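Colleague: Hi! Could you walk me through this one, step by step?
Modeller: Happy to, let's bring it up on the screen.

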Amino acid sequence: MNNNCVFCKIIKQEIPADIVYEDDDVLAFLDIRAQAPVHILLVPKVHIEKVSDLNENVSYIVSKLVLAANKIARDKGLNEDGYRLVFNCGENAGQEVLHLHLHLLGGRKFTWPPG
Ligand code: 5GP
Ligand code: ZN
């Protein structure tokens, strides 16, 4: 846990969020500035800054995040039309919050390549 981290504060329930999923390792909540009809952030409950900080000991976190995202996507009926999962890592990718998070985006079409 990091006292200055907004996502740690959400995990500790010090600031509110619209939580849509929780298990022992993962919390998922609505993004405050949704970029799509469905825009959910999935975070590990431990404070890891970025996807590039993962190592063998904590690589299970990635599969937990992806499996939780898939479950939420199924529950929200996104499976047929598809959805996008995104990790922004570091400055060039536009990572704003330095607590690892997986974006689940759905409910509209997305362009590729990204801007
Ligand atoms: P990043 O650009 O770091 O990949 O994405 C961070 C995301 O966190 C952004 O989409 C932003 O809207 C979202 N965000 C930032 N602060 C908060 C907050 O306090 N609550 C929630 N629910 N989302 C936040
Ligand atoms: Zn944190």
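**The fold and its zinc site**

Modeller: Reading from the N terminus, the elements of the protein chain go α-β-β-β-α-β-β. Keep in mind that this is a predicted model.

Colleague: How many helices and strands is that?
Modeller: The protein chain has 2 helices and 5 strands.

Colleague: What share of the residues is buried?
Modeller: Buried residues account for 35% of the 115 in the protein chain. The protein chain also exposes about 7100 Å², with 48% of that supplied by carbon and sulfur atoms.

Colleague: What about contacts between residues at least 6 apart in sequence, how many join residues at least 24 apart?
Modeller: Of those contacts in the protein chain, 53% do.

Colleague: New topic, the metal. Which residues are the protein donors of the zinc ion (ligand 2)?
Modeller: There are two cysteines and two histidines to look for: Cys-5 and Cys-8 through SG, and His-47 and His-99 through ND1. They lie 2.0 to 2.3 Å from the zinc ion.

Colleague: What geometry does that site have?
Modeller: The site is tetrahedral, with angles of 105 to 115 degrees among the 4 donor atoms.

Colleague: How are the donor residues spaced in sequence?
Modeller: The spacing is C-x2-C-x38-H-x51-H. Cys-5 and His-99 link distant parts of the chain, as they are 94 residues apart. Cys-5 sits in the segment before helix H1 (6-11), and His-99 is in the loop between strand E4 (83-86) and strand E5 (102-106).

Colleague: Are those two buried or exposed?
Modeller: Both fall under the 20% cut-off for buried: Cys-5 has a relative accessible area of 6%, and His-99 is at 0%. Cys-8 is buried too, at 0% relative accessibility.

Colleague: With cysteines around, how many disulfides are there?
Modeller: A search of the whole structure finds 0. Cys-89, for one, is in no disulfide, and the nearest cysteine sulfur, which belongs to Cys-5, is 15 Å away.

Colleague: And how accessible is Cys-89?
Modeller: Cys-89 is partly exposed, because its relative accessible area is 29%.

Colleague: Great, thanks for the tour!

Notes. Residues are numbered from 1 along each chain as its sequence is written. Chains are lettered from A and ligands numbered from 1 in the order in which they are written. This is a predicted model: local features need pLDDT of at least 70, side-chain atom pairs count only at pLDDT 80 or more; totals for chains, interfaces and linings use all residues. Side-chain values use heavy atoms; hydrogens and water are left out. Donors are N, O and S atoms within 2.8 Å of the metal (3.2 Å for Na, K and Ca); water is not among the atoms, so sites may look incomplete. Four donors count as tetrahedral if all angles lie between 85 and 135 degrees; four count as square planar and six as octahedral if opposite donors are over 155 degrees apart and all others between 65 and 115; anything else is irregular. Helices (H or I, at least four residues) and strands (E, at least two) are DSSP runs, numbered from the N terminus. Buried means under 20% relative accessible area, exposed over 50%, partly exposed in between (1.4 Å probe, protein chains only). Contact means heavy atoms within 4.5 Å. Accessible areas come from the Shrake-Rupley method with a 1.4 Å probe; for residues, only the protein chains shown count as cover. A disulfide is a pair of cysteine sulfur atoms within 2.5 Å.
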